[in-house]
Amino acid sequence: MTAKSKITISRRTLLAGASGTLIASRAGWAQQPSEVKVGLLVPISGLYARPGTVMREGAEMAIDHINAQGGVKALGGAKLKLVVLDSGDTTEKAKNAAQRMVAQETDLVAASGAYLSSFTLAVTEVTERANLPMLTLSYSDLITERGFKYVFQTAATAGSQARQALPQLIKLAETASSKRPKTVAILTDNTGASIASAKAMRDGLLAENQLQLIVDETFTPPLADATSLVQKIRSAKPDLLFFLPTVISDAKLLLEKMNEFGLGQGKVPTISFGIAIAEPDMLQTVSPELLQGVLTCVASWGAKGHEALIAELKTRYKEPWMTQNAISTYGDMWVIKDALEKAGKADRVAVGEALRTMDGGPSKYYPLGEIKFDEKGRRVGAGMTIVQWQAGIPVTVFPPELALAKPFWPKS
Amino acid sequence: MLRMRSCLPPLLFTLAYAVVSLGVTNSYYQLILTLVPVWAVFGLSWNLLSGYTGLISFGHAAFFGIGAYATALGQIYFDISPWLLIPVAAMLGGIAGLLIGFPTFRLQGHYFALAMLAYPLAILYVFEWLGFQEVTLPIKREAPIAYMQFADPHLYTLLGLALMLATIVLTQVIERSRFGMALLAIKQNEAAAEAAGINTLAWKLRAITLSGAIAAAIGGFYAQVLLVVTPASVFGMLVSAQALTVAMFGGVGTVWGPVIGSVILIPLAEILHAEAGARIPGIQGVIFGIAIVCVILLAPEGLFWKLRDLLRKRTASKAAVSDTPEAAAANVTALKPAARQRAATGEVVLEVKNLSRSFGGLKAVQDVSFRLHKNEILGIIGPNGAGKTTLFNLLNGFLKPSQGEVLIDGRNMSGQRPHVICEAGIGRTFQVMRPFLRMSILDNVVVGAYVRARTDDEARKMAADAVARVGLSAVADRVAGELSTKELRLMELARAIAGQPRILLLDETLAGLGHGEADEVVAVIQQLARDGMTIAIIEHTMQAMVRLVDRFLVLDHGAVITEGLPEVVTRDNRVIEAYLGKKWVGHAAN
């Protein structure tokens, strides 16, 4: 009996001592972490490996810049460390990767991802339950309509982009050709993002802007032949053509056929949504002459003020220009860094709270608006950019404060 | 007793799996543990149709996706709990199976596989067109359990396991019943199955309905796990391929195949994705693909069968040491060549009137008429291409006659489906043997008994009886793949008589047999005749035939040349001419 109580006492003292040191060391670690981990969950294998890789390049550049400028000052100059996870090419793989991220990378403070909006939807179902803040460039409205608290959408949503783009395009046309466009044609494939943009236009946006829809065609990628579509355009002669492809081969096929029918190179001004038509891969199959003048409305793009970044991306990764994937992910890392400064500790819940309440002033890397999120997690005042193919490079032409070149309206 | 015993391994496996899963606290590993039973069940549903019937479906994603979307949309638009929606999804999947099966079963082989491929791809576009590109399940924070949204991921695994156990047991019950036997018979030879009295279309429809229901149920559960449903993630090619991959890797046509495949492949793919893919993005797909190719090359029928064969070989070599070789060999009961009344004058059981069938310009059978008397043995002979087998095919319903009638007991049965004619009492064997190689002799024969048996037990009894009548009782438990040609011929005979036909059509039953072996088979046939069976037999070997038959019917170029007693027919000049050519007619006369 006495022997037993003796042991208990000694064990207790031991335990107390051990936990004391543990707490002490942990507190010290929290005050001065040498490294803070940030996640990047993007497709780096499979069908979407190319955009995912570009996102990684943007993130790596940002991390290097942040660390070179002294890391997170509120954490004693702690360096950021990027943890890259492959979301693969299916929704299931993306979800599995997200589960792996929250289960095995327990010290992540925030993450960015996951390219396709369907991946982001699945991934955020996991990160939300793990209280891990997730920044995304995906712009499906659905992502921030579920009442989630840890999802932050940096791009304007699809519906908002279409709403912003139309008046600008009309203004552009009016100033360039001194004639207001009246009729439009829509050629869209039936993928999620394209359908959402086309639907917003049909359901009122065109009418609001006094535009009349005279051709409305939906196709399933990949197109085998674009002749019948182009013939409809030729006989209807619209003032504007909204062309929404997702697959590069479809864009090529239609642009070539337009050219063949004498409608190309701006005879019918062609406007796209999304980045498919402005990806570097386009140039591998379509000649710059065919692309000259084609416009596309994107959530974000390398623009004025990013010249140094664009140059660095070019020399470091051999990317010919800076797409939304690179610049947005670059910006994500800076936003996470700012949130860490505000939170003052490397803790995901605190970072989430900081993101919800932060007011980081005008946005530097996303077009227009502020570094501030509304109650849904959407960036306040998020704008969009209009990009135009000029001499083999898609350059930002709108908004004027971000434009790297003046837009030209194809002469008819 | 049998049922209890076969339930034990899946129950133990499920319990062991559950214990392992409860020990896992990492939520990522837990998710993988949940996905294993999901894909196992999907593989099992594919196996139920394609594994047992041999009709490969490349389109099981159709059912899976219908289940997933039904579960997701039901929650979004009608606020119904998935506990209710998953059974509803199963029902919809079953209906879809029926609707898809009915037109598609007109096709066979590759055509069936390709047609099945089209369904999910077509449905995928329909769902895209409907605007369901991305559907997310609403979070139910107030009543998570009622909406199957568990905070504890173990519960998903346990629920998946419950579904898997249920599917395994259901598959086992089917495997042992007339349902499973019918499907296996269809796989081996659909025509032979019809001839054995199996209504193949009805069984195939039942199989695809059940298979569709299971696939849809697990698709609904999958939606619940993934929380996001997109057309590509539930109707995509990769989804259909997943069912094939796990089933073919693990073993086709066995309940354990898809389970083995899923238990190995799903975690393997994830580990590769997490470990190798982190170093070289994309390498995981390459390694995974190579691994599957290697296994398929080494074990074309899947791991299960390979392992079973290895195990069997080991036990067989052990058994060979202890057993005497005599016991292993088939021991045909010696039959007394007792004389039998030639009964060419009895009551007419089968009457053929002016039967004709032409294929384009070729008249394969023309104007054939004859009568088959009760308890008689009629030999049908003729040179190659005389139309003997075509005549049999007309009699048992494989072919529809162009003209003429087949009267069974006075009823005109011409043009009926084979299984109907089988039910009317006509059994047949085939020139080319169609044993079910992986099944025991008894199981092979049971397939034939179902046409008469009402219950599984009755069928087993009738099969055992038939096996005894052909003298194979001693080897009844051996696998058909290990048998000699003679034993296989006898087994086919047993399968034909297991359904207790009154008339037996034997197509070259003695082909490929040695002299002594032929005698043994002849003895069995004679015994059948003595027991009251009426027999029509096609044969080339005159020697054996002359001793066996009561009467000959001689065909040449599709028409009857002559018929009569053996001793008369063999001397008939027209017969000699037909068999040997004109110049032998003179020789024969001398």
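Predicted model: local features only at pLDDT ≥ 70, side-chain atom pairs only at ≥ 80, totals over all residues.
Setting aside neighbours within four places in sequence, T167(B) touches V41(B), L44(B) and I214(B). T167(B) sits in helix α6 of chain B, which covers residues 154-176. With 26 other C-beta atoms within 10 Å, T167(B) counts as buried, the cut-off being 20 or more. For a sense of scale, take E423(B): 256 residues along the chain from T167(B), with 32 Å between the two C-alpha atoms.

Two of the partners of T167(B), V41(B) and L44(B), turn up again on the α2(B) side of a helix pair, and I214(B) turns up on the α9(B) side. The pair in question is α2(B) and helix α9 (residues 200-226) of chain B, whose axes lie 9 Å apart at an angle of about 165°. Angles over 145 degrees count as roughly antiparallel, and α2(B) and α9(B) therefore run roughly antiparallel to each other. Their crossing is left-handed. On the α2(B) side the contact is made by T34(B), V38(B), V41(B), F42(B), L44(B), S45(B), W46(B), L48(B), L49(B), Y52(B) and T53(B). On the α9(B) side it draws on K204(B), A207(B), I208(B), L210(B), S211(B), I214(B), A215(B), I218(B), F221(B), Y222(B) and V225(B). Sorted by class, that contact comes to 17 nonpolar, 4 polar and 1 charged residues.

The axes of α2(B) and helix α3 of chain A (residues 91-104) come within 7 Å and cross at roughly 150°. Here S27(B), Y28(B) and L31(B) of α2(B) meet N96(A), Q99(A), R100(A), V102(A), A103(A) and Q104(A) of α3(A).

Taking the two chains as a whole, 27 residues of chain B are in contact with 29 residues of chain A. On the chain B side, the elements giving two or more residues are α2 (27-53), α5 (109-129), α12, α13 (276-279) and α14 (283-298). The chain B residues that touch chain A split into 12 nonpolar, 12 polar and 3 charged.

Helix α12 of chain B has 19 residues (256-274), which at 1.5 Å a residue should span 27 Å; its end C-alpha atoms are 27 Å apart, so expectation and model agree. Its buried residues are W256(B), G257(B), P258(B), V259(B), I260(B), G261(B), S262(B), L265(B), I266(B), A269(B), E270(B) and H273(B). As a general point, an α-helix has 3.6 residues a turn, so residues three or four places apart point the same way.

Zooming out, chain B has 26 helices and 12 strands, while chain A has 13 helices and 12 strands. Along the principal axes, the C-alpha atoms of chain B fill a box of roughly 100 × 60 × 45 Å, and the C-alpha trace of chain A spans about 105 × 40 × 35 Å. Buried residues account for 48% of the 590 residues in chain B and for 52% of the 412 residues of chain A. Of the contacts with a separation of 6 or more, residues 24 or more positions apart supply 73% in chain B and 66% in chain A.

Terms used. Residues numbered from 1 in each chain as written. Chains lettered and ligands numbered in written order. Helix = DSSP H or I, 4+ residues; strand = E, 2+ residues; numbered from the N terminus. Expected span 1.5 Å × (residues − 1). Buried ≥ 20, exposed ≤ 12 C-beta atoms within 10 Å, placed from the backbone. Contact = placed C-beta atoms within 7 Å. Nonpolar A, V, L, I, M, F, W, Y, C, P; charged D, E, K, R; others polar. Axes fitted to C-alpha atoms, helices over the stretch in contact; angles between N-to-C directions. Parallel < 35°, antiparallel > 145°, perpendicular 65-115°, else oblique. Left-handed = near helix turned anticlockwise from the far one by under 90°.
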